[in-house]
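Open the model in your viewer and keep the sequence panel beside it. This tour goes from one selection to the next and says what is there.

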Amino acid sequence: MRWTIETNYNTLKNRFEIENFTSNTKENIKQDIYATVIKYNIGFNYYSICNKLVENKIRKENKEALKDYEYKVDFANLIRNFNDFLYLMIINPDKSNVSTYTSWLIYESCQEPNKIKNNRSYPIIRMGEQKKYSRSYAKV
C-alpha cells in the first residue's frame with residue numbers, strides 16, 4: 001500500500017507538476033492541488049481504458065502473446081497527449097468535440113504499448129567492494 005502511494009505521488013510530482021503553483025495564496029494553492037488531483041484521476045481512467053483496449057486487441061490478434069508478455073500503455077505518453085488536449089476539451093465542451101478529442105487520445109495512446117514480461121524477476125547482482133569515489137574522482 002505504501003509503495004503505491006509513493007509511486008502515485010511521484011507521478012503527481014513529476015508528470016503533473018503538483019508542486020508548481022500558480023499563486024502564493026492559500027486558497028489558490030488548494031485549488032491548484034485539487035485541479036491536479038482531478039486531472040490525475042481523469043488521466044488514470046483513460047489509462048485503464050487504454051490498457052483494456054490494448055489487451056483485447058492483442059487477445060484478438062494473437063492469444064499466445066499474452067502468455068509470455070503483458071501489454072501496457074505508456075502512461076507518460078498518455079499524459080503528454082492528455083495535457084495537450086485537456087484545455088481544448090474544457091474550452092469547447094460540446095459533446096462532439098469532447099468525443100473527438102477523447103477518441104484521438106485513446107487512439108494515439110494505444111498505438112505502441114509496452115511489452116512487459118510476465119513473472120519477471122531480476123536477480124540481485126552483487127558488486128565487489130563499493131568504490132569510495134567515482135572513476136572521474138579517483139586518486140591518481
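**First stop: a salt bridge**

Select Lys72 and Glu70: their side chains meet in a salt bridge, 3.6 Å from N to O. The term means a side-chain nitrogen of Lys or Arg within 4 Å of a carboxyl oxygen of Asp or Glu. Lys72 is partly exposed, at 27% relative accessible area. Glu70 is partly exposed too, at 35%. Here, buried means under 20% relative accessible area, exposed means over 50%, and partly exposed lies in between (1.4 Å probe, protein chains only).

This is a predicted model, in which local features need pLDDT of at least 70, side-chain atom pairs count only at pLDDT 80 or more, and totals for chains, interfaces and linings use all residues. Residues are numbered from 1 along each chain as its sequence is written, and side-chain values use heavy atoms, with hydrogens and water left out.

**Second stop: helix H2**

The salt-bridge count comes to 2. For the other pair, select Glu55 and Arg59, whose side chains meet at 2.9 Å, N to O. Both residues lie in helix H2, 4 residues apart, about one turn of the helix. Glu55 is partly exposed, with a relative accessible area of 36%. Arg59 is partly exposed as well, at 38%. Side chains of opposite charge can pair when their charged atoms come close.

Ile33 is partly exposed, with 31% relative accessible area. Areas come from the Shrake-Rupley method with a 1.4 Å probe; for residues, only the protein chains shown count as cover.

Go to the loop between helix H1 (2-14) and H2, and select Glu17. What is the phi of Glu17 near? Phi is near 50°, a positive value in a residue other than glycine. Glu17 is partly exposed, at 45% relative accessibility.

How many disulfides does the count come to? The count is 0, where a disulfide is a pair of cysteine sulfur atoms within 2.5 Å. Select Cys50: its nearest cysteine sulfur, that of Cys110, is 3.6 Å away, and Cys50 is in no disulfide. Cys110 is in no disulfide either. Cys50 is buried, at 0% relative accessibility. Cys110 also counts as buried, at 12%.

**Last stop: the whole chain**

Zoom out and color by secondary structure. The chain has 5 helices and 2 strands, in the order α-α-α-β-α-α-β from the N terminus. Helices (H or I, at least four residues) and strands (E, at least two) are DSSP runs, numbered from the N terminus. Of the 140 residues, 23% are buried. The chain exposes about 11,500 Å², with carbon and sulfur atoms supplying 52% of it.

Now color by pLDDT, the predictor's confidence in each residue, from 0 to 100. The chain averages 81, and 84% of the residues score at least 70.
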